[in-house]
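Please look over the sequence and the fold before reading on. The paragraphs below take the parts in turn.

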Amino acid sequence: MTVNEHTQIPLSHGSACATCPAAHLQRVGIDTSNADYVVALAGNPNTGKSTVFNALTGLRQHTGNWPGKTVTRMEGMFRYGDKAYKLVDLPGTYSLLATSEDEEVARDFILFGQPHVTVVVVDATRLERNLNLALQVLEITDRAVVCLNLMDEARRHGLDIDHRRLARELGVPVVPTAARQGEGIMDLVATIADVAASRYARHPHRLLLKDPHLVRAVSDLASDLQKMYPGLPNARWVALRLMDNDPRMVEAVRSGELADLIAAQSGQMGGPGALELASA
Amino acid sequence: MSQSAPGAPRTFPLSELKPGAGAVVARIEFEGLQRRRLLDLGIVPGTAIRAELDSPMGDPRAYLVRGALIALRNAQAARIVMTEETD
């Protein structure tokens with residue numbers, strides 16, 4: 001696809017000022033090759049994740065299935081500045097640690113697919129409930145942006161959220177949005193670009209292990225894992241899952257499936273070749 | 001966090017909470033994925049829970065947990081140990 005074919009969609013709201021960078025956002029639609037950066041979109045169900053996805057990519061999307069799963073996979077592209085971003089919509093989940101197929105898909109992609117940025121969409125009106133997933137994502141990756149969505153509803157409920165303090169405590173950027181109105185989308189895009197290009201110092205909130213025996217056990221296990229599976233992205237996290245007796249991870253390590261996961265997910269990053277397309 | 005010291009507050013299973021009444025989670029007597037699932041739903045020690053709705057057969061029941069209604073089977077609720085709300 002050439003640059004000429006890229007559709008440029010004016011934002012429906014709040015882009016009237018001349019200094020707005022809205023003109024620099026181009027929604028590229030369905031072509032998924034030649035992306036400079038891969039961005040994963042995670043979030044609880046009913047947080048407006050799909051609205052954020054549509055606001056970033058426009059209406060044309062690329063729908064398929066995750067390899068070997070019945071879970072729908074949606075992708076789209078957008079262009080910002082001189083870079084192309086591939087956006088991968090992960091299934092809406094409350095957690096990355098239980099065993100549903102949805103959670104497995106989301107977790108495997110964040111861990112092994114190593115997206116350049118993971119955006120966690122949270123419902124500003126149910127922040128406490130939603131931060132569970134955000135904190136779990138931060139355990140796996142430090143390249144994250146929290147999209148504080150449904151700010152319009154939060155305002156209607158009289159909620160005032162100190163998003164700067166939230167960003168300080170989480171150690172990653174927090175962008176308030178009302179995606180239905182297009183509000184905050186340009187800030188979100190600019191922040192994604194900053195994190196993708198490593199222009200943001202990341203100090204993600206992580207579980208603090210205090211017991212010296214536990215710290216020792218985790219680091220021993222992590223270094224063993226690293227030896228067994230070179231290229232394992234976050235050995236500490238896998239070690240913690242093993243110590244929590246997560247049956248899915250235990251099985252993946254025992255059977256050697258972990259090596260396949262590392263290989264499969266990093267292979268998928270390149271382009272649409274690994275996608276199983278829907279017949280439509 | 002709950003201690004089982006002498007004079008500790010009375011505990012009872014969540015399944016025995018009267019409709020409309022509230023209590024606080026003392027501990028969860030599950031392990032592994034069932035425990036994980038409950039934690040992900042926001043049911044952790046210290047969480048205030050109110051019994052909200054009964055289904056016609058009385059099982060499952062709906063509980064208000066951190067602003068969301070969550071249905072639990074009595075078999076699950078029986079292993080969530082509650083204590084009376086303090087302060």
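A charge sits over a ring if NZ of Lys or CZ of Arg is within 6 Å of the ring centre and within 35 degrees of the ring normal. In this predicted model, A:R73 lies over the face of A:W66, at 4.3 Å from the ring centre.

Some ground rules come next. The model is predicted, and local features need pLDDT of at least 70, side-chain atom pairs count only at pLDDT 80 or more, while totals for chains, interfaces and linings use all residues. Residues are numbered from 1 along each chain as its sequence is written, chains are lettered from A and ligands numbered from 1 in the order in which they are written, and side-chain values use heavy atoms, with hydrogens and water left out.

Now to the aromatic rings. Rings of Phe, Tyr and Trp (its six-membered ring) pair if their centres lie within 6.5 Å; planes under 30 degrees apart count as stacked, over 60 as edge-to-face and the rest as tilted. Over all chains, the structure holds three aromatic pairs. One of them joins A:Y37 and A:Y85, which are tilted, at 5.3 Å centre to centre with 35 degrees between the planes. Because A:Y37 lies in strand β2 (residues 37-43) of chain A and A:Y85 in strand β5 (residues 83-89) of chain A, this pair ties together parts that are 48 residues apart in sequence. Helices (H or I, at least four residues) and strands (E, at least two) are DSSP runs, numbered from the N terminus. Both A:Y37 and A:Y85 are buried, where buried means under 20% relative accessible area, exposed over 50%, and partly exposed in between (1.4 Å probe, protein chains only). A:Y37, A:F78 and A:Y85 form one aromatic cluster.

Seven of the seven residues of β6 (residues 117-123) of chain A are buried, so the strand is largely enclosed by the rest of the structure.

Two strands pair if DSSP finds at least two bridges between them. β2(A) and β6(A) pair in the parallel sense over five bridges, and A:V117 in β6(A) is the bridge partner of A:V39. β6(A) also pairs in the parallel sense with strand β7 (residues 144-149) of chain A, over six bridges; there A:A144 is the bridge partner of A:T118.
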